[in-house]
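User: I'd like to learn how to read a model like this one, feature by feature. Can you walk me through it?

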Amino acid sequence: MKKSKKILIISLVMGLFIFIGFFREIINFLVDYQWFSQLGYREVFLTKLKTQLQLGIPIFAVASLFFYGYLRILKRDYYKKTQAYEIGISEKRINGIMVIPSVILGFITATSIAGSMWFSLLTFFNAESFHITDPIFNKDISYYMLRLPVIEQLLSTIVGLLIALLVITFIFYIIMFILRQPTYYATGEQEIKWNKDLLKGFTQLGQKQLTVIGAVFFIVMAANFYLAAYGLLHSPRGVVYGAGYTDIHVSLLVYRIQMAVSILSAIALIVGYMKKNFKKAMLVPASLIIISILGNFTAVAVEKFVVDPNVIAKEIPYIENNIKYTNKAYGLDEITVKDFDVKNNLTLEDLENNEETIKNIRINDYRPTIEAYNQLQAIRSYYRFLDVDIDRYMIDGEYTQVFLAPRELDQSRLSENAQTWINRHLKYTHGYGVALSPVNAITSEGQPQLSIRNIPPISTIDIEVTRPEIYFGELTNDYIIVNTKEKEFDYPMGGTNAETLYEGNAGIPLGGFNRLLHAIQQWDFRILISNSITSESRIVLHRNVLDRVNKIAPFIHYDEDPYIVIEEGRLYWMIDGYTVAGNYPYATPYISGNNNYIRNSVKVVIDVYNGDVDYYIADEDPIIKTYSNIFPDLFKDLEEMPEGLRNHIRYPQDLFDIQAKVYELYHMTNPSVFHTKEDIWNIAQEKYAGGQQNAESQYMIMKLPGEQEEEFVLSIPYTPNQRSNMIALLMARNDGENYGELIAYNLPKDQNIYGPMQIENRIDGDSEISQKLTLWGDGGSSVIRGNLLVIPIEESLLYVEPLYIQAANPNSLPEVKQVIVAYRDQIVMEETLDKALTSIFGQRRVIPEAGEDITGETPEGTIAEGIVEELQTLEQLIRKANQSFENANEASQSGDWAEYGKYIKELEDTLRQLENETNN
């Protein structure tokens, strides 16, 4: 057979082998290419492929030649040091055979390096500067965050290759022993008969290669010891995270010595080989163990006898470093600290001047709300509200905080008979609409008062949903095929169903070869044989919004709670994306995975109907700028986001909660105070349902102290360590140009400011309230206490907590039964927030602006009418008090003391209202 034909046959066989071995990967590649192209991110997808090819091809070529050359050297040395005789295979055939393992090893090396390091190398070469240097080595933070991990990964790869060479050497000599059996091994001074001392022969064989491998290994160790010095910036040994006194004065010196000894070890191995004296040569590497042991003993001794007796003097500079860099890593260095001088002098006029704040006090909690949505608005068993989101909208001209949730279709809840391939992939394709309710409005039954409800959506406000279909969501976990002969289920209509055809642009066409391709990729040949699918049909993949964004940009960490937004009648998902890292010098880790740096760098917007995904840079930190350098077509400026959507970006609760946790300790900037931890704060505790928990951060609309207008804020209260009074409030602003600003309001330390648990305990201690709670709970119903809200108004603090009653019936819903309001030393519980505020401050009324005619009459007429109405109110209260007094007398005369107590309570309430009216 001619040589060219042999080469052709070998090439075809290898090609077939590669195709079969990587068949699944090839199919997935083609599908991913189509999917990224359909979304407009072809270049994002190809960036990975181009980089891997640019790395893989030269690495494959170099590695294959290297391995082939290495095997040839091993073979040459084997022949040189042994007298071997041929067994059935020619020397030319052996050289040809060695090409195959060389190519295979080169391919494995190339694919492993290109596959695992392509992104790391791109970040290395595109790294942006932080313009902040560490305090010990004076290197920019980007070196530790974006470059050092890549160098460490390269060194680990080299160590892996050295180990592979050891294994290759051993296996190669075994194979050569089988193919070319030696009769003796020449040592220069003696001949070792292989049949007498086989083990020694193998030991002596390949000393040159093993020496080189060992020398390179010690050079790599020297590099690792050099880099380990930078690792001291993340040392947990001292009083704080990061390099301390012992690390700098002992460990750093030990690493330098170990680095030098590692280099000497490499030299000693080479000298030992040349002089044929490995025993003396190994003394140098062995000294590394002794140095490591002595270094550890020295570090312990210095820590115990030098640092511990004088911690403050020795560690203060390093504590300062930890405080400074931890605050920078979590974005706490930009917190604005203000004193909030609580005077608790709130008046009725103050409430009227803060009407928008009062109107937006939340008397519903998100957990009972989602229960209510699912029971009242799911409509059918296959619809499901997975989560309720909190946002703000301009509703009928008023800034209003709302709950809203999308009504998704959960295919797992289809009836057993409906669990067919057509229903799951062609028919039941989308959810429908949203439920929306103001946070401060409830029905007479204590349920959320829905402003957008039902199917199709009915709106009682000036927000309409004109494109309610939800093709992409949190429960859309399977592919669908649209534009088929089978019409899609749209929504139920009494005894029948409305049907529709998809009008969007999502999906990959299934014409021609694509139909076979996707049938193979989904491993579902019904795609290939179904009569319902036409050339106009499209397959829609990765419909779960979190899967979708992770598929496009997996290097970003995403918030696990996407939230829905209504804009111009359409629905959109918003997802917060974070840049997270773990190599920030001196920053204490507070994030899972030992990470110690986080920024909310990206806001992702997903069209619920079309599946379009847009990435907007919200915080231009150096990491996201590095990613933008790598993927210039992926990110957009935040200013490019439509204004209507930009009005709904929120400061992420996950990020805020991490920052709030860090701030418990790192609000202390004095290193001596920090070391003694004498001013530690804790996130306040509260009672929720039947237990005690950390207070949750809460979105609220309020007017911040010193500000003129209400805004959407995220807030959490603090208490001193192991105490219950409140010491501070941390708030994040969400609106307009103030977005992202963090403000810490420090409360007076010379007076007791009630913390949430103190208010909770006072509620428990109020005889009237506790008696009612006991009475409601005696009948088997559950009494559920909602989140306690701490609301600053002017120079005062108001506390509000909703109270739910849930009947023992398993299908019953929690109902808002009462609202508890606490102010100063007063605690009241009433059916509504307005009644509770009236019980404390008196009847509120809207004061018309100067010259404003709200009745159609002159201002004088309006004032006169107001006076008449006030006198009528006083008269009604007096009559009510008299009636209650008479009823109480009758009850006492008849011996009905329960009724007597009831009327006396009514009398007290009426007299209190009367007093408030006369004072105003």
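Analyst: Happy to. Let's pick a loop residue to begin with: Leu 450 lies in the loop between β10 (434–438) and β11 (452–453). Keep in mind that this is a predicted model.

User: Is Leu 450 buried or exposed?

Analyst: The cut-off for buried is under 20% relative accessible area. Leu 450 has 16% relative accessibility, so it counts as buried.

User: Which residues does Leu 450 touch, leaving out those up to four places away in sequence?

Analyst: With those left out, Leu 450 touches Tyr 373, Gln 377, Ala 435, Leu 436, Ser 437 and Thr 460.

User: Got it. Where else can I try that comparison?

Analyst: Gly 611 and Leu 39 are 572 residues apart in sequence, yet 8.3 Å apart in space, C-alpha to C-alpha. Leu 39 is also one of the residues that Gly 611 touches, along with Phe 472, Arg 548 and Ile 606, again not counting residues up to four places away in sequence. As for accessibility, Gly 611 has a relative accessible area of 0%, so it is buried.

User: What about the whole chain? How many helices and strands are there?

Analyst: The protein chain has 27 helices and 36 strands. Of its 920 residues, 51% are buried. Among the contacts with a separation of 6 or more, 66% are between residues 24 or more positions apart.

User: How do I think about the nonpolar cores?

Analyst: The general idea is that in soluble globular proteins, nonpolar side chains tend to be buried together. Here, the largest nonpolar core has 175 residues, and Ile 566, Tyr 615, Leu 634, Phe 635 and Tyr 718 have the most contacts inside it. Apart from that core lies another, of 46 residues, including Ile 363, Ile 763, Leu 773 and Ile 827.

User: Which residues does Leu 634 touch, not counting those up to four places away in sequence?

Analyst: For Leu 634, these are Tyr 41, Val 44, Ile 552, Ala 553, Phe 555 and Tyr 615. Tyr 615 is also on the list of residues with the most contacts inside the largest core.

User: Now helix packing. What should I look at?

Analyst: Look at the axis distance, the angle, and then the residues in contact. Helix α2 (residues 23–39) and helix α16 (residues 513–521) have axes 10 Å apart and pack at an angle of about 120 degrees. That angle makes α2 oblique to α16. Their crossing is left-handed. On the α2 side the contact is made by Phe 23, Arg 24, Ile 27, Asn 28, Leu 30, Val 31 and Gln 34, and on the α16 side by Asn 514, Leu 517, His 518, Ile 520 and Gln 521. By class, that contact of α2 with α16 has six nonpolar, five polar and one charged.

User: At what angle do α2 and helix α3 cross?

Analyst: Roughly 145 degrees, with the axes of α2 and α3 (residues 42–81) coming within 7 Å. Phe 29, Asp 32, Tyr 33, Phe 36 and Ser 37 of α2 make the contact with Arg 42, Phe 45, Leu 46 and Leu 49 of α3. The α2 with α3 contact divides into six nonpolar, one polar and two charged residues.

User: Last topic, the backbone. Which residues does a cis peptide bond join?

Analyst: Ile 455 and Pro 456, with omega about -10 degrees. Pro 456 is in the loop between β11 and β12 (458–459). For phi, look for positive values in residues other than glycine: Asn 483 has phi near 60 degrees, and Lys 677 has phi near 55 degrees. Asn 483 sits in the loop between β14 (480–482) and β15 (488–493), while Lys 677 is in the loop between α22 (671–676) and β25 (681–683). Asn 483 is partly exposed at 22% relative accessible area, and Lys 677 counts as partly exposed at 38%.

Technical notes: Residues numbered from 1 in each chain as written. Predicted model: local features only at pLDDT ≥ 70, side-chain atom pairs only at ≥ 80, totals over all residues. Heavy atoms only, no water. Core = buried A, V, L, I, M, F, W, Y, C linked by side-chain atoms within 4.5 Å. Buried < 20%, exposed > 50% of the residue type's maximum accessible area, 1.4 Å probe, protein only. Contact = heavy atoms within 4.5 Å. Helix = DSSP H or I, 4+ residues; strand = E, 2+ residues; numbered from the N terminus. Axes fitted to C-alpha atoms, helices over the stretch in contact; angles between N-to-C directions. Parallel < 35°, antiparallel > 145°, perpendicular 65-115°, else oblique. Left-handed = near helix turned anticlockwise from the far one by under 90°. Nonpolar A, V, L, I, M, F, W, Y, C, P; charged D, E, K, R; others polar.
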